[in-house]
Number of protein chains: 2
Amino acid sequence: MRKIVGSVLLLAFLLVSVVFINGALAQETSELVGSEEEVYYMVTFNSGVNYWKDVYAGFEEAGNLYSVNTEYTGAIQQDVGEATTVLEQVIARNPDGIALSVIDPSAYHEPINRAIEKGIPIVTFDSDAPDSDRYSFLGTGNYEAGQLAAEKFAERINNKGEVGIVTTIGPTNIGNRVAGFVDKIESDYPEIEIVQIGNGGTNSMAASNTAASLIRSNPDLKGIYCTWADMSIGTVNAVREAGKIDDIKIATFDTDEVTLDAIKAGEIEMTIAQGTYNMGYWSLQFLYHVNNNLANPVANWKENNVNPLPEYVDTGATAVTIENVDAFYKK
Amino acid sequence: MRKIVGSVLLLAFLLVSVVFINGALAQETSELVGSEEEVYYMVTFNSGVNYWKDVYAGFEEAGNLYSVNTEYTGAIQQDVGEATTVLEQVIARNPDGIALSVIDPSAYHEPINRAIEKGIPIVTFDSDAPDSDRYSFLGTGNYEAGQLAAEKFAERINNKGEVGIVTTIGPTNIGNRVAGFVDKIESDYPEIEIVQIGNGGTNSMAASNTAASLIRSNPDLKGIYCTWADMSIGTVNAVREAGKIDDIKIATFDTDEVTLDAIKAGEIEMTIAQGTYNMGYWSLQFLYHVNNNLANPVANWKENNVNPLPEYVDTGATAVTIENVDAFYKK
């Protein structure tokens, strides 16, 4: 009896040991398995808007892959003071990494550089602080996205005819969407003529007026290229009021529900989806690799002023049309 | 006695079971642990040159992290026929992914697109086939690297004086190194004057002649910016022969041993290191994530013509000077 009890106790002891050792081994299996204490933050402004949801979906999914924690926070308003205060609060928690979207680069330099100095990896996404010490920027290559829009839109108007543009004058990213589009059309599509680049102001009402005037001045217009959602909302109204919804095709940017619905209704021909999921997904990976000393392009990269990460990631763009629009509705 | 034997047998059986179950669990721990059968190829041309070694070091290191196999191969010559034959041989082995550097994009389109169609993920690195179906390109942003060269070189010549350029006219990547440099100097450094852009041909001998003429025509020259190693080898000779090695500072690209030694000797002031390790490291990661259906920006991305990966990665550039040159020698 004693022997059996002894054997059972020994058995239990060995089982526990084996489970314990194997548990430790499982932890050691891969440097790509993070620790439960690791926390990575994604920090934005206008934090409630839908646009960020898809970015955070990618960030969170990558966090799950690495078995680390992710948190989302940001300024409620598009307010530099509030946004940098939120950033300071996050830095104070000493997280393992921060993915940050920036309103006004200059206001962010000091806290970004201080956090990097302190050993907190930072990458920017969607909008950058290029002169700070952040390791990488992940965002849409707007010039290239404009080129893609040109190619795909040309296809939809049979590579010929008059095209107008309704855009906002000023912001660099929007300007690049125009430049990429115009350059591509001019170099590759001799039978497409860009007849006018209209300033659609900063809201759908102004855009509607601009589009109406564009339509009046160019009776043979085959298409209008809009550079963001408010431009195309206004343009759709103007085209509808002019009774030309079957004659003039519209291209735009972004995948908000209004735009996707308009594609399904046949009022907008195509839109360019930005690589929002990719921004979050690869931001987390970059931060994880630096935080765990895996990204190591040169020995002692810190001391030798070498950036451990790629400088820039163009997260890409996709043409969305009636054929694939369903995949872009948020679940 | 029988009971003890029974207990010991039971014990042994349970131990084996626990080890087996825990082994299986360890396999399941992370989707970032690959399988032993996974093989990823890196494919180049001029396959023996040192330049690729650092790229493959990153590729192999990332392969080790994911516990997958990596292989390196490529055409021995810079020969399109040989290079595409090697690519076909790799495709025939049906690997889990291919990172490919391209000589002549058009010759690669058909095999790249066929492999993608077949389900083999392909990314390009260092030199691209932009009109193929490859998922991503990872390489140096040469325009941005030229801008970095301008900033760092300006610092080393106290932000003033006459500067000449010795470059090869023709290749886009080299042209962008000049454009980024010139644009940055013209916009940010009013006291630096670019006096001449000299065509250094395609070898160090021609570059030496060009540099000699540049030095003769501009007796107050403070610096010469060279766009690749052969240009600076020739330029160093010309400056030395003119007896001006202490008066004229030289900037260049790449981190071959000759260039690094010249920096140590004080004959070259600085060079721009490309992010070669990053090219390999992140190429493998991109391929792994696609091959294992982890990169998933949109549901059913294949059917919906969505690129599962970022379009482009600028793998970055680093200024190498006497202060950090030691870190760049290959081990």
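**Reading a helix and its salt bridges**

Q: Where in helix 4 of chain B do Arg114(B) and Glu110(B) lie relative to one another?

A: This is a predicted model. An α-helix has 3.6 residues a turn, so residues three or four places apart point the same way. Both Arg114(B) and Glu110(B) belong to helix 4 (residues 105-118) of chain B, and they are four residues apart, about one turn of the helix. The two form a salt bridge, with their closest N and O atoms 2.9 Å apart. Arg114(B) is partly exposed, as its relative accessible area is 35%.

Q: Which residues of helix 7 of chain B are buried?

A: A residue is called buried when its relative accessible area is under 20%. In helix 7 of chain B, this applies to Ala207(B), Ser208(B), Thr210(B), Ala211(B), Leu214(B) and Ile215(B). Viewed down the axis of helix 7 of chain B, these buried residues fall within an arc of 165°, so they line one face of the helix.

Q: Which exposed residues does the face turned away from the buried side carry, and what covers the buried residues?

A: The face turned away from the buried side of helix 7 of chain B carries the exposed residues Met205(B), Asn209(B) and Arg216(B). The cover over the buried residues includes strand 6 (161-167), strand 7 (192-199), strand 8 (221-226) and helix 8 (229-241) of chain B.

Q: How many salt bridges are found over all chains?

A: A search of the whole structure gives 20 salt bridges. One of them joins Lys184(A) and Glu151(A), whose closest N and O atoms are 3.9 Å apart. This pair links distant parts of the chain: Lys184(A) is in helix 6 (residues 172-188) and Glu151(A) in helix 5 (residues 142-156) of chain A, 33 residues apart. Lys184(A) counts as buried because its relative accessibility is 17%, whereas Glu151(A), at 32%, counts as partly exposed.

Q: Which parts of chain A does the pair Glu269(A) and Arg156(A) tie together?

A: The side chains of Glu269(A) and Arg156(A) meet in a salt bridge of 3.0 Å, N to O. Glu269(A) lies in the loop between helix 9 (257-264) and strand 10 (270-274) of chain A, and Arg156(A) in helix 5 of chain A, so the pair ties together parts that are 113 residues apart in sequence.

Note on methods
Residues are numbered from 1 along each chain as its sequence is written. Chains are lettered from A and ligands numbered from 1 in the order in which they are written. This is a predicted model: local features need pLDDT of at least 70, side-chain atom pairs count only at pLDDT 80 or more; totals for chains, interfaces and linings use all residues. Side-chain values use heavy atoms; hydrogens and water are left out. Buried means under 20% relative accessible area, exposed over 50%, partly exposed in between (1.4 Å probe, protein chains only). Helices (H or I, at least four residues) and strands (E, at least two) are DSSP runs, numbered from the N terminus. The arc is that of the directions from the helix axis to the C-beta atoms. Contact means heavy atoms within 4.5 Å. A salt bridge is a side-chain nitrogen of Lys or Arg within 4 Å of a carboxyl oxygen of Asp or Glu.
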